[in-house]
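The sequence and structure come first.

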Amino acid sequence: MRNIFKVPVLNQWWQTETGSAITATCVGFAQNLQTPPFTTGLPFCGYDIYVLDKNGHEAKPNELGRIVVKLPLPPGNMATLYRSDELFRKTYFQRFPGYYDTMDAGYKDENGYIYVTARDDDVINVAGHRISTSSLEDAILRHPDVADAAVFGVPEPTKGQIPLCLYVTKANVSKPAAKMSVELINIIREVIGPIAAFKLAAQVQSLPRTRSGKTLRKAMADLAANKHISIPATVEDPTVFVDIKRALRELGYAMAAPDPELRPTVR
């Protein structure tokens, strides 16, 4: 888009809970419009942002961790959950006392720019290495024959978790699935490196998404781990899980998984 429109493309990051941007590039504050690639910008007014490791210590520059905001929060943020003050406290403030827990994963560079990579539950632990599923998906989508992809963690006895990719090919692609898998593995090795331990990929007809576009990675990961899944009412097409289960079984997962509830759950 930068090349086509000849203008800066600026990301920003906010949450429903905050009601305003947490990070952005503010022209009015004379911030540099030539931002580093993929950053969501600098902390917005009132937000003191940190990235913490799993022990609650501040992460090093460019080290993946949990993004938190030091209290107090600026005006406009959500003050509680409806009739549930205690749940509000436990959800957002209990894990890292003194901070608002965004539950997003990311990192901060040497210049203070923030990079949001995924929801923290979309970060998988491969033999002690924390790897963002979004970074793996971005690499997979570089393949010219891939139209869509989802990566999530599945159990592995020696490494704890390893990534598994389900992908959708573009129309009129007739390349054998085995050849596609080899090519995708090579891309991950080139872009991410062998640290990702990437070796599981299967083709599916479609991926499960909500009407707002969110990929149901956790539901697919639970299905792979033989857990019962209840499909939310917001899913676009619950029937895709039939093909998802078929693909997972081809890779040796979901062998004892109960059939997903194809009827959307009414809450």
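Ala197 sits in the loop between helix 4 and strand 12; helices (H or I, at least four residues) and strands (E, at least two) are DSSP runs, numbered from the N terminus. Its phi is positive, about 50°, although Ala197 is not a glycine. With a relative accessible area of 17%, Ala197 is buried, where buried means under 20% relative accessible area, exposed over 50% and partly exposed in between (1.4 Å probe, protein chains only).

Arg83, also not a glycine, has a positive phi of about 55°. Its place is the loop between strand 5 and helix 2, and at 76% relative accessibility it counts as exposed. Pro72 lies in the loop between strand 5 (65–70) and helix 2 (85–93). The peptide bond from Leu71 to Pro72 is cis, with omega near 5°.

## Basis of the values

The model is predicted: local features need pLDDT of at least 70, side-chain atom pairs count only at pLDDT 80 or more, and totals for chains, interfaces and linings use all residues. Residues are numbered from 1 along each chain as its sequence is written, and side-chain values use heavy atoms, with hydrogens and water left out.

## Helix 4

Buried residues of helix 4 are Met180, Ser181, Leu184, Ile185, Ile187 and Ile188. Seen down the helix axis, they fall within an arc of 160° and so line one face; the arc is that of the directions from the axis to the C-beta atoms. The face turned away from the buried side carries the exposed residues Ala178 and Glu190.

The buried residues pack against helix 3 (133–140), strand 10 (146–156), strand 11 (160–169) and strand 12 (200–203), contact meaning heavy atoms within 4.5 Å. After helix 4 comes Gly193, with a positive phi near 110°.

## Nonpolar cores

A nonpolar core is a set of buried Ala, Val, Leu, Ile, Met, Phe, Trp, Tyr and Cys residues joined through side-chain atoms within 4.5 Å. The largest has 48 residues, and Phe152, Leu166, Phe198, Phe241 and Leu248 have the most contacts inside it. Elements giving two or more residues to this core include helix 4, helix 5 (217–224) and helix 6 (240–250). Apart from it lies another core of 13 residues, among them Tyr47, Val69, Phe88 and Tyr100.

An open sheet is formed by 4 strands in the order 4-5-6-7, with antiparallel pairing; two strands pair if DSSP finds at least two bridges between them. Strand 4 (49–52) and strand 7 (114–119) each have a single partner strand, so one side of each lacks a neighbour in the sheet.
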